[in-house]
Amino acid sequence: MPKKNILLLAGDGIGPEIMAEVKKVIDWFNTNKKLSLEISEELVGGASFDENGTPLTDQVLFKAMDSNAVLLAAVGGPKWDDVEFSKKPERALLRLRKEMRLFANLRPAICFEELVSASTLKPEIISGLDILIVRELTGGIYFGEPRGIEHIENGDRKGINTHVYTSKEIRRVAKVAFDLALKRNLKVTSADKSNVMEAGLLWKEEVQKLYDDSKEYKSIELSHMLADNLAMQLVRNPKQFDVIVTDNLFGDMLSDEAAMLTGSLGMLPSASLSEKDKHGRIRSMYEPCHGSAPDIAGKGIANPIAMILSFAMALKYSLDFDEESDLLNEVVKEVLKDGLRTADIMEKGKQQVSTSEMGDAIIAKLNNKI
Ligand code: NAD
């Protein structure tokens with residue numbers, strides 16, 4: 001089997017603790033499923049700043065560009081609060097996303113049956129939830145020009161941002177959503193504000209046009225929804241959705257809302273993907289949705305599951321190991337079913353375990369599958 005390179009960027013706070021558990025899982029797959037995954041590890045964020053004076057060296061960036069997948073745990077923490085803006089740990093993330101051209105951000109919101117009570121919604125609304133938000137990540141109002149704060153007459157000031165999208169940018173992210181829906185439940189909902197924004201109208205028209213022009217998507221049911229209504233529907237009846245595709249701004253908010261439907265930050269993975277380059281390669285980065293959790297760093301109590309599920313996403317979307325990805329998702333569910341919980345998801349009557357005990361329990365379940 002050809003070797004595949006995975007770059008591990010553990011970063012700061014709980015990053016190294018949760019990455020250690022992923023390394024166990026990767027080792028298991030290499031030993032027992034002969035996946036030939038070659039890992040290398042580098043510094044990022046505050047850890048890189050301390051060592052190199054920058055949160056991301058060019059050498060690490062090039063390595064990331066050259067990898068089959070990057071797994072990043074988390075960056076940041078109070079230690080670097082006074083560092084100048086351009087050197088802050090979080091700048092590493094933005095630079096990686098920008099240079100790797102990661103335009104599609106995939107955020108699943110899955111409710112694990114065993115954690116149904118962690119949600120603030122009623123169990124019948126949330127039980128069995130499995131939706132995927134595809135957020136455009138490199139365009140829209142966060143990047144549009146002109147932007148800035150200007151002085152105007154009478155000592156007043158004006159803040160400007162520009163919401164701008166081209167047809168190409170809309171079509172490429174819509175294509176990602178349609179392709180994913182083909183592998184899932186054949187339903188795409190596109191969210192925009194076409195009632196009040198021209199860029200929103202273009203969004204709606206281009207998504208529809210791509211759908212109408214593509215025979216391969218005929219089995220998919222496409223609908224359009226105003227982003228504010230979608231925000232409401234997500235808490236009213238989230239199970240009506242399968243894949244949701246939306247722009248950078250609405251995606252930022254809707255994906256956080258969808259994630260919190262499940263109630264547990266330590267469980268949520270994410271993926272960011274580029275377009276195919278001329279060699280047919282897609283660049284990708286996989287991260288848990290949570291941050292570096294400095295309040296619990298070094299205590300051995302962090303939940304490694306979001307990180308491990310991020311690796312499961314990498315197996316599926318970058319490494320072409322669908323079966324292995326399904327297996328990993330399955331054993332995580334089994335461990336939860338057995339009642340094992342890290343502190344963040346602990347409930348009465350369950351067994352509290354440490355970060356490494358959770359990793360070991362996942363490995364033990366994998367061993368049962370040989
Ligand atoms: P956070 O996600 O780090 O933590 C929020 C709360 O959730 C904390 O109480 C934390 O203990 C808990 N938590 C988070 N992940 C957990 C896990 N795996 N297991 C158990 N508990 C967990 O968010 P924050 O406190 O706002 O930010 C802390 C630092 O992380 C900041 O410097 C921020 O900039 C950075 N951050 C980084 C990323 C990233 O690297 N992608 C994302 C968000 C925040």
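Of the 370 residues in the protein, 44% are buried. The structure described here is a predicted model. It comprises 12 helices and 14 strands. The C-alpha trace extends over about 60 × 50 × 45 Å along the principal axes. Contacts that link residues at least 24 apart account for 74% of those between residues at least 6 apart in sequence.

Strand 11, formed by residues 269–276, has 6 of its 8 residues buried and is therefore largely enclosed by the rest of the structure. Strand 11 pairs with strand 4 (residues 104–110) in the antiparallel sense, through 3 bridges. Within this part of the sheet arrangement, A104 has L273 of strand 11 as its bridge partner. Strand 11 also pairs with strand 12 (residues 282–288), again in the antiparallel sense, and here the pairing runs over 6 bridges. The bridge partner of A271 is Y286 in strand 12. Strands 11 and 12 form a hairpin with 5 residues between the strands, in which G280 adopts a positive phi near 80°.

Helix 4 spans residues 91–99, and R91, A92, L93 and L96 are buried in it. The residue R101, which follows helix 4, likewise has a positive phi, in this case near 55°.

A further element of the architecture is a pair of packed helices. Such a pair is described by the angle between the helix axes and by the distance between those axes. For helix 8 (residues 227–236) and helix 9 (residues 248–261), the packing angle is about 5° and the axes lie 10 Å apart. With an angle under 35 degrees counting as roughly parallel, helix 8 and helix 9 are therefore roughly parallel to each other. On the side of helix 8, the contact involves A227, L230, A231 and L234, which meet F250, L254, E257, A258 and L261 of helix 9. By residue class, this contact between helix 8 and helix 9 contains 8 nonpolar residues, no polar residues and 1 charged residue.

Notes: Residues are numbered from 1 along each chain as its sequence is written. This is a predicted model: local features need pLDDT of at least 70, side-chain atom pairs count only at pLDDT 80 or more; totals for chains, interfaces and linings use all residues. Helices (H or I, at least four residues) and strands (E, at least two) are DSSP runs, numbered from the N terminus. A residue is buried if 20 or more other C-beta atoms lie within 10 Å of its own, exposed if 12 or fewer, and partly exposed in between; C-beta atoms are placed from the backbone. Two residues are in contact if their C-beta atoms, placed from the backbone, lie within 7 Å. Two strands pair if DSSP finds at least two bridges between them. Axes are lines fitted to C-alpha atoms, for helices over the stretch in contact, and angles run from 0 to 180 degrees between N-to-C directions. Angles under 35 degrees count as roughly parallel, over 145 as roughly antiparallel, 65 to 115 as roughly perpendicular and the rest as oblique. Ala, Val, Leu, Ile, Met, Phe, Trp, Tyr, Cys and Pro count as nonpolar, Asp, Glu, Lys and Arg as charged, and the others, Gly among them, as polar.
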